[in-house]
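Subject: A structure for you to explore

Hi there,

Here is the structure I promised to pass on to you. Please open it and keep it in view while you read my notes below.

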Amino acid sequence: MLNMAARHYTDEQAFRLERNTLFRQHWQLFCHVSQLLNPGDYVSGDIAGMAVLAIRGNDGELRAFLNVCRHRGARLLEPGSGNCDTLRCPYHNWLYHNTGQLKHAPWFGEDSAFNVNDWPLESVSVEIWRGLVFVAINPVSTLADQLAATVAELHDVPLESYQLWATRELVFEANWKIYTDNFVEGYHIPGIHPEFFRAIDFNNFETVACDGLVRMTAPPRGDLFYQGRWLWMWPNWTLSLFEGGMNTSRINPLSADRTQLIYRFYFSDVNATTDDDRRQVLESNLEVIKEDFAICLATHANYKAGTYKPGPLSPRHEQGVNYFQKQYLATIQGSETDVESTVETEL
Ligand code: FES
Ligand SMILES: [Fe+2]
């Protein structure tokens, strides 16, 4: 097993291809259903540079749209969450219902061919699975098919009893696949996370990779906040279990050399009197996450400089890396010619 070639991590061309295929075609963990309970509730976010929003309409229906005005393409909602009855484009004030229909194009002028009904926001697929909201721009499979082994893996976890407690977004300057390679192996724990290393039985660290899922487990020693089960799901989200809670993250590329992590922390007990305990779990968790950034940056720099030739992957610890890279290459290479010709035609 060899590591993937460096050019896949650093080429702008590779990033454009990923955006047009992998990130358009796969379901993306977007938010939690509790953020979209009432008419007008919305969450606006980024998928590999593509602005998307999910919103519950005044008719009670949950929908998702490209966050792109149908007039000249301005972004309608700033990233974040909130509630709105209508969406007003900041550019020329076109006004949309929260069901996506265009309501009014002020000062447009007389044009007999223009009809507001012809210009609704462009729909994006949206699905809820056990309280988690996923969106997909051009899905090539159902959400259930993409989740694959994850459904059974989380069968014993009471996801519905966990309430969203905090969201944290982190940005660092390395390719999203360098971070993913890092996330799906425990091989780096002794070198990069010495405290975490002491808190688990590393000799019994196990990795299983198949069917859309990399599962890593290790028996915790003492009072480690993790439960000892860390999951990564194809193509770019993660879930780690705590006692009485969990975090999820989406690994979102902003460009070939910039990555955003959107972490959400959930607990079954969100009583204000025990906030300190949760804050401590969150802080300790963020420390472990941030410990990976420096090594990812330095690795990215070597890939970018062209001085790295693919090395061997550990059969004991890096089958998750191999699994991710194989899935990635199959997706990208399978669509390379199609997308190239589509892009050419569009131009
Ligand atoms: S771009 Fe939105 S109103 Fe013009
Ligand atoms: Fe790590």
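Let's begin with one pair of residues: Ile47 stands opposite Met50 in β3. Please keep in mind throughout that this is a predicted model.

**The hairpins around β3**

The pair above belongs to the place where β2 and β3 run side by side; these two strands pair in the antiparallel sense, over six bridges. They form a hairpin with two residues between the strands, and in this hairpin Ala48 takes a positive phi near 50°.

On we go along the chain. β3 is joined to strand β4 (residues 62-66) by five bridges, and these strands run antiparallel. One place to look is Ala54, whose bridge partner in β4 is Ala64. β3 and β4 also form a hairpin, with five residues between them. In that turn you will find Gly60, with a positive phi of about 90°.

Is strand β3 largely enclosed or left open by the rest of the structure? Five of the seven residues of β3 (residues 50-56) are buried, so the strand is largely enclosed by the rest of the structure. To count as buried, a residue needs 20 or more other C-beta atoms within 10 Å of its own.

**The seven-stranded sheet**

β2, β3 and β4 sit in an open sheet of seven strands, whose order is β1-β10-β9-β4-β3-β2-β5, with antiparallel pairing. Which strands are at the edges? They are β1 (28-32) and β5 (80-83), each of which pairs on one side only. Ignoring direction, neighbouring strands of this sheet are turned by 30° against each other on average.

At the β1 end, the partner is strand β10 (residues 132-136), and the two pair in the antiparallel sense over four bridges. Within that pairing, Gln28 has Val135 in β10 as its bridge partner.

Which domains does the assignment give? There are two: domain 1 covers 27-139 and domain 2 covers 145-326. Their C-alpha centres lie 31 Å apart. Where they touch, 13 residues of domain 1 are in contact with 14 residues of domain 2. On the domain 1 side, β1 and β2 (41-47) each supply at least two of the touching residues. β1 gives the most, with three residues. Sorted by class, this side of domain 1 has five nonpolar, six polar and two charged residues.

The largest nonpolar core has 69 residues, of which Leu53, Ala54 and Val135 touch the most other members. Domain 1 (27-139) and domain 2 (145-326) both give residues to this core, so it lies between them.

Leaving aside its neighbours within four places in sequence, Val135 is in contact with Gln28, Phe30, Val52, Ala54, Ala64, Val124, Ser125 and Val126.

Three bridges hold the antiparallel pairing of β6 and β7, and the bridge partner of Thr86 in β7 is His97.

Pro90 lies in the loop between β6 (86-88) and β7 (95-97). Is Pro90 buried or exposed? Pro90 counts as exposed, because it has 12 C-beta neighbours inside 10 Å. Arg75 is 15 residues from Pro90 in sequence, and their C-alpha atoms are 7.9 Å apart in space.

**One last stop**

Finally, look at Ala305, which is in helix α10 (residues 293-305). Ala305 is exposed, with 10 other C-beta atoms within 10 Å. Ala305 and Ala256 are 49 residues apart along the chain, and 14 Å separates their C-alpha atoms.

Best wishes

Note on methods. Residues numbered from 1 in each chain as written. Chains lettered and ligands numbered in written order. Predicted model: local features only at pLDDT ≥ 70, side-chain atom pairs only at ≥ 80, totals over all residues. Pairing = 2+ DSSP bridges. Axes fitted to C-alpha atoms, helices over the stretch in contact; angles between N-to-C directions. Domains from an automatic or database assignment. Contact = placed C-beta atoms within 7 Å. Nonpolar A, V, L, I, M, F, W, Y, C, P; charged D, E, K, R; others polar. Core = buried A, V, L, I, M, F, W, Y, C linked by C-beta atoms within 7 Å.
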